Protein chains: 2
Amino acid sequence: MSFEPLLQYISQYVQLTEDEQQLFLSKIRLGKYLKGQYVVQNGNVCRYESFVLKGCLKTFYIDNEGQEHIVMFAIENWWTADLGSFLTQTPACYNILCLENCELAQITYADLEALYLAIPKLERFFRIIIQKAYIAAQQRIVNNFSMAAKDRYVQFRKQYPEIDQRVPQYMIASYLGITKEFLSKIRARLARRKSSRVN
Amino acid sequence: MSFEPLLQYISQYVQLTEDEQQLFLSKIRLGKYLKGQYVVQNGNVCRYESFVLKGCLKTFYIDNEGQEHIVMFAIENWWTADLGSFLTQTPACYNILCLENCELAQITYADLEALYLAIPKLERFFRIIIQKAYIAAQQRIVNNFSMAAKDRYVQFRKQYPEIDQRVPQYMIASYLGITKEFLSKIRARLARRKSSRVN
């Protein structure tokens with residue numbers, strides 16, 4: 001697997017010279033994980049910030065009652081990490097698990113910090129992508145408070161159609177903060193509405 | 001009001017030279033707002049990213065039923081903006097209102113973009129503070145799903161004791177996504193528990 005998708009992704013935001021690309025890639029490791037394998041485990045330090053070349057992952061949290069809550073998914077061209085753990089190099093609160101066989105372009109904290117100094121353009125790159133992630137997180141907080149579960153699901157499906165197709169429904173329910181039974185009802189209602197519109 | 005608190009805040013993350021400080025401050029405007037005044041109104045473009053020198057503000061969203069949902073508060077040494085609107089220079093979804101008379105150090109999008117080029121260290125500065133905001137936002141999503149309302153309030157009070165004191169309780173209830181009646185009950189229960197522990 002080449003790192004071309006990562007370079008293409010970066011080039012949307014900043015232009016690296018040939019030398020900078022080489023330096024950057026020299027710090028990137030290819031991580032291959034099997035379906036069901038953990039990239040990050042709660043209690044261990046999150047060693048890498050990972051760019052998804054191939055596959056699908058979930059980030060989740062287990063509460064005191066042992067219930068799983070899905071924080072985010074990641075598919076190709078997304079970044080994933082327990083960012084709090086990665087940036088402070090302290091034990092992770094979250095788990096990151098592969099839902100499919102995955103290939104990840106990974107960088108350690110020390111290497112990333114060194115790269116920021118060597119290639120200041122990367123500060124800009126990561127500033128911009130983290131800003132986007134922050135805006136999406138804030139929007140999700142508001143949606144969780146202000147939108148009915150059905151509307152949140154409709155929006156999720158529109159925003160992330162690929163994830164809706166690749167991920168089991170009970171995980172999407174967890175991400176939306178509803179039960180899987182309730183999500184089934186919503187889906188059934190939406191399907192009925194669609195078929196009555198077609199007929 | 002001097003901009004000293006802003007320079008001090010920045011110096012925690014990056015070291016600006018005297019010249020860079022002067023250039024940076026030359027782009028900063030002092031915004032004075034009265035209690036009840038809007039810094040950002042839903043539908044208008046968010047013109048400034050604002051650093052709070054003095055005062056307290058709320059960012060909120062009005063849903064289709066006309067109900068208000070508080071997204072965040074801001075007090076001294078915090079940044080506030082409708083970041084989605086500011087960064088894309090499109091109409092704001094949120095409103096930002098002064099809960100006290102406020103003095104804000106403000107910068108426009110065009111000036112900030114020019115400063116990033118003139119002082120690349122500012123890329124680093126804003127990358128770091130947005131990372132922190134993102135981690136907090138993600139934590140809040142998980143807490144909303146996984147923690148009981150009482151525990152969320154206890155955590156809020158511990159994390160932001162000053163906001164708990166300066167902001168009316170019904171606004172904190174809105175921030176936590178619960179009714180003000182329910183928050184009153186939680187507070188009464190906590191007070192009873194505290195007094196029974198004291199006696």
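**Helix packing and the chain interface**

Mentor: In this predicted model, helix H4 (residues 109-118) of chain A packs against helix H5 (residues 121-146) of chain A at an angle of about 120 degrees, with 6 Å between their axes. Local features here need pLDDT of at least 70 and side-chain atom pairs pLDDT 80 or more, whereas totals for chains, interfaces and linings use all residues. Residues are numbered from 1 along each chain as its sequence is written, chains are lettered from A in the order in which they are written, and side-chain values use heavy atoms, without hydrogens and water.

Trainee: How is the angle between H4(A) and H5(A) to be described?

Mentor: Two packed helices are described by the angle between their axes and the distance between the axes. Axes are lines fitted to C-alpha atoms, for helices over the stretch in contact, and angles run from 0 to 180 degrees between N-to-C directions. Angles under 35 degrees count as roughly parallel, over 145 as roughly antiparallel, 65 to 115 as roughly perpendicular and the rest as oblique. H4(A) is therefore oblique to H5(A).

Trainee: Which residues of H4(A) and H5(A) meet?

Mentor: A:Leu112, A:Leu115 and A:Tyr116 in H4(A) meet A:Leu122, A:Glu123 and A:Phe126 in H5(A), where contact means heavy atoms within 4.5 Å.

Trainee: How much area do chain A and chain B bury between them?

Mentor: The size of an interface is often given as the accessible area lost when the parts come together. Chain A and chain B bury about 3400 Å², with 66% of it on carbon and sulfur atoms; this is the accessible area (1.4 Å probe) lost, summed over both parts. Of the area that chain A buries against chain B, A:Arg127, A:Tyr134 and A:Phe145 supply 20%, more than any other three residues. In contact are 33 residues of chain A and 33 residues of chain B.

Trainee: How many salt bridges cross the interface of chain A and chain B?

Mentor: Side chains of opposite charge can pair when their charged atoms come close. A salt bridge is a side-chain nitrogen of Lys or Arg within 4 Å of a carboxyl oxygen of Asp or Glu, and 6 are found across this interface. One of them pairs B:Glu123 with A:Arg127, the closest N and O atoms being 2.6 Å apart. The side of chain A that touches chain B draws its largest share, 18 residues, from H5(A).

Trainee: Why does the salt bridge of B:Arg127 and A:Glu123 join two chains?

Mentor: The side chains of B:Arg127 and A:Glu123 meet at 2.6 Å, N to O. The pair joins two chains because B:Arg127 lies in helix H5 (residues 121-146) of chain B and A:Glu123 in helix H5 of chain A. Helices are DSSP runs (H or I, at least four residues), numbered from the N terminus.

Note on methods. Buried area is the accessible area (1.4 Å probe) that two parts lose on being put together, summed over both.
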